[in-house]
Amino acid sequence: MTMEQLQAAIEGLGLTALGARVENLLERASKQEPSYAEFLLEALSAEAEARRQRYLKTRLQLAHFPFVKTFEGFDFAFQPSIDERQIRELRTLRFVQEASNVILLGPPGVGKTHLAIALAEASIRAGQAAYFMTAHDLVEDLGRAYREGRLDRRMKVYLAPKVLIIDEMGYLPLDDLGATIFFQLVSARYERGSIILTSNKSYADWGSIFGDAIIATAILDRLLHHSMTINIRGESYRLKDRRRAGLVGAREQEGEGGMVSFSTAPAFAPPKTRRLKASQGSAPAGAAEKQV
Ligand code: ADP
Ligand code: MG
């Protein structure tokens, strides 16, 4: 068999990664004399790895992340309020299998979005689709769909991925329609798919996000039933270098969002008056909200 025929056969099957490597593989095989099975495995692995990379790239693009961040790039030493046991548990991705939620709370710049994306990125690597949206864009998008009579169809975009990031909940309050849509989304994903939510508001302030304590409670009930809350109380990572350079006063807070003063706000904690049902069935001990 000639090299041309081999290349034509490989190209005909669309095995581009193998095509690029086949000469190399043959040359090495003639020297090292692997078994037939070993040779075949090596040839197929080249193609399989290339496909995996393409698949990951596509999934990452579909996820609509504003930037790709990973755990490797996160400096946990800078944020000692983060419980590393919680992070270890989350990194097993059990929460994705169990469709439980992750809530990241804290002031601006402490790494909430970074960690949310790192978790979603890890899920994609593990073969589960993820999708990123800010709370504002999500509610606006679904609100438009509602007005145009296609809410159910549009909702599917946010129900399909196993992991949905809802970023920056609470920077802007929601109107009645927004709150109702948000409730519908959280209810529809409940026990079916994970939500990773970030917010600069403590649970006690959620009434003011939704303008209605009853709907806020109903949403929190479903969101927190199977969930883990990560409270980050440290200072903004964005200010770190500027502060080191003496450009920012020690007590100055970053203005992003500008809705909460963290120097006076109580530590983040779920409202004490709310009682959550004990975790049942599929809820893992580690993923259950422990602070309520
Ligand atoms: P938040 O969502 O809490 O406002 P971000 O996750 O957007 O904060 O973080 C702000 C920037 O600082 C991002 O570029 C993020 O990657 C970076 N960052 C925040 N915390 C850390 C950290 N502990 N280690 C490394 N980078 C961090
Ligand atoms: Mg953020």
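A residue is called buried if 20 or more other C-beta atoms, placed from the backbone, lie within 10 Å of its own, exposed if 12 or fewer do, and partly exposed in between. By that count, zero of the ten residues of helix 1 are buried, so helix 1 lies largely in the open.

## About the model

Please keep in mind that this is a predicted model, in which local features need pLDDT of at least 70, side-chain atom pairs count only at pLDDT 80 or more, and totals for chains, interfaces and linings use all residues. Residues are numbered from 1 along each chain as its sequence is written, while chains are lettered from A and ligands numbered from 1 in the order in which they are written.

## The chain as a whole

The chain holds twelve helices and five strands. Both kinds of element are DSSP runs numbered from the N terminus: helices are H or I with at least four residues, and strands are E with at least two. Of the 292 residues in the chain, 29% are buried.

Two residues are in contact if their C-beta atoms, placed from the backbone, lie within 7 Å. Among contacts in the chain with a separation of 6 or more, 82% join residues 24 or more positions apart.

## Helix 1 meets helix 2

Let us return to the start of the chain. Helix 1 (residues 3–12) packs with helix 2 (residues 16–32) at an angle of about 160°, and their axes are 8 Å apart. That makes helix 1 roughly antiparallel to helix 2. Here, axes are lines fitted to C-alpha atoms, for helices over the stretch in contact, and angles run from 0 to 180 degrees between N-to-C directions; under 35 degrees counts as roughly parallel, over 145 as roughly antiparallel, 65 to 115 as roughly perpendicular and the rest as oblique.

On the helix 1 side, the meeting residues are Leu6, Gln7, Ile10 and Glu11, and helix 2 brings Leu18, Gly19 and Val22. The residues of this contact divide into four nonpolar, two polar and one charged. In this scheme Ala, Val, Leu, Ile, Met, Phe, Trp, Tyr, Cys and Pro count as nonpolar, Asp, Glu, Lys and Arg as charged, and the others, Gly among them, as polar. Glycine 14, which follows helix 1, has a positive phi near 70°.

## Helix 7 meets helix 8

A second pair is formed by helix 7 (residues 135–147) and helix 8 (residues 151–159), which pack at an angle of about 155° with their axes 8 Å apart. Helix 7 and helix 8 are therefore roughly antiparallel to each other.

Helix 7 makes the contact through Leu138, Asp141, Leu142, Ala145 and Tyr146, and helix 8 through Leu151, Arg154, Met155 and Tyr158. By class, this contact has seven nonpolar, no polar and two charged residues.

## Around ligand 1

Ligand 1 is surrounded by 17 residues, the closest being Gly111, Lys112, Thr113, His114 and Tyr237. A residue is near a molecule if its C-beta atom, placed from the backbone, lies within 6 Å of it. Helix 6 (112–125) and helix 12 (237–244) are the elements that give two or more residues to this shell, and helix 6 gives the most, with three. The shell has five nonpolar, eight polar and four charged residues.

## Two positive phi values

Most residues other than glycine have a negative phi. Leucine 93 has a positive phi near 65° and lies in the loop between helix 4 (84–91) and helix 5 (94–97). With 19 C-beta neighbours inside 10 Å, leucine 93 counts as partly exposed.

Glutamate 168, in strand 3 (residues 163–169), has a positive phi of about 60°. Glutamate 168 counts as buried because it has 20 C-beta neighbours inside 10 Å.
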